[in-house]
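Here is a brief report on one protein. Have the sequence and the 3D view at hand as you read.

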Amino acid sequence: MRFLPTVVRSFYAFSNATFRVAPPPLRPALGPTAKLGLPSIPFLGAFFGTSSSNNMTYPLQKGKDEWQAQLSPEQFRILREKGTEAPYSSDFDKHMPSEGVYTCAGCEAPLYKANHKFKSGCGWPAFFDAVPGAVTRHVDRTFGMERTEIVCSNCGGHLGHVFKGEGYPTPTDERHCVNGVSLNFNKNDPVKDSKA
């Protein structure tokens with residue numbers, strides 16, 4: 001078990017690496033050239049692939065400059081650039097209220113009820129279910145694996161990933177592993193209040 005923190009730190013560092021595209025050449029191209037991309041090589045294409053959520057549109061549309069003005073640099077990196085916060089760094093990891101709702105830090109849309117939260121020990125806030133229609137799932141093929149990414153259905157902000165079949169004693173046998181930076185907490189429950 002001594003190697004586990006090292007593995008987690010290594011994965012965190014690797015998952016936050018930013019791949020930049022090289023600037024175009026200074027001289028014009030001499031003619032049409034064949035462009036070979038990594039997706040033509042299955043393993044490398046999967047390793048450097050992206051999430052399918054990049055192609056989606058959401059009800060709340062803002063430009064990059066608007067998001068940067070509204071969000072902190074860390075919130076922007078995670079919500080808009082699909083980053084990951086360090087494990088055990090969020091106050092919401094150990095935050096266990098009996099009622100209330102967790103909302104999107106980007107648009108304040110209700111995402112998770114407090115009674116959907118459970119202790120998973122993974123280092124990030126964990127939920128077994130979301131408010132109906134609040135979270136959209138996409139296939140994420142980054143880093144050579146296939147995972148299920150979850151985003152806010154209202155603004156498209158990256159929340160984290162869903163993992164199934166891990167054996168937690170929850171009604172859904174799912175763990176929504178959510179970046180705490182992506183969340184705010186409201187002790188009042190607007191989801192419950194709107195049904196009354």
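The sections below go from the overall make-up to single residues.

## Basis

This is a predicted model, in which local features need pLDDT of at least 70, side-chain atom pairs count only at pLDDT 80 or more, and totals for chains, interfaces and linings use all residues. Residues are numbered from 1 along each chain as its sequence is written, and side-chain values use heavy atoms, with hydrogens and water left out.

## Overall make-up

The protein has five helices and 10 strands. Both are DSSP runs numbered from the N terminus: helices are H or I with at least four residues, strands are E with at least two. Of the 196 residues, 40% are buried. Buried means under 20% relative accessible area, exposed means over 50%, and partly exposed lies in between (1.4 Å probe, protein chains only).

Accessible surface totals about 12000 Å², and carbon and sulfur atoms hold 58% of that. The areas come from the Shrake-Rupley method with a 1.4 Å probe; for residues, only the protein chains shown count as cover. Contact means heavy atoms within 4.5 Å. Among contacts with a separation of 6 or more, 60% link residues 24 or more positions apart.

## Strand 8 and its partners

Strand 8 covers residues 158–164, and five of its seven residues are buried. Strand 8 pairs with strand 7 (residues 147–152) in the antiparallel sense, over four bridges. Pairing requires at least two DSSP bridges between two strands. Glu149 sits opposite His161 of strand 8. Strands 7 and 8 make a hairpin with five residues between them. In that turn, Gly156 has a positive phi of about 80°.

Strand 9 also runs antiparallel to strand 8, joined by five bridges. Gly160 has Val178 of strand 9 as its bridge partner.

## The nonpolar core

A nonpolar core is a set of buried Ala, Val, Leu, Ile, Met, Phe, Trp, Tyr and Cys residues joined through side-chain atoms within 4.5 Å. The largest one here has 25 residues, and Leu111, Tyr112, Val135 and Leu183 have the most contacts inside it. Helix 4 (73–79), strand 2 (101–104), strand 3 (110–113), strand 7 and strand 8 each give two or more residues to this core.

Take Tyr112. Beyond its neighbours within four places in sequence, Tyr112 contacts residues including Val101, Phe127, Val135, Ile150, Leu159, Val178 and Leu183.

The structure has zero disulfides. Cys104 is in none; its nearest cysteine sulfur, that of Cys155, is 3.6 Å away. Cys104 is buried at 0% relative accessibility. Cys155 is buried too, at 2%.

## Ser182

Ser182 lies in the loop between strand 9 (174–178) and strand 10 (183–186). Is Ser182 buried or exposed? Ser182 is buried, at 0% relative accessibility. Its side chain reaches the backbone oxygen of His158 at 3.0 Å. Such a polar contact is a pair of N or O atoms within 3.5 Å; within protein, one must be able to donate a hydrogen and the other to accept it, and residues adjacent in sequence count only if both atoms are side-chain atoms.

Lys82 has phi near 60° and lies in the loop between helix 4 and strand 2. Glu108 has a positive phi of about 65° and lies in the loop between strand 2 and strand 3. Lys82 is partly exposed at 24% relative accessibility; Glu108 is partly exposed at 45%.

Methods. Disulfide = S-S within 2.5 Å.
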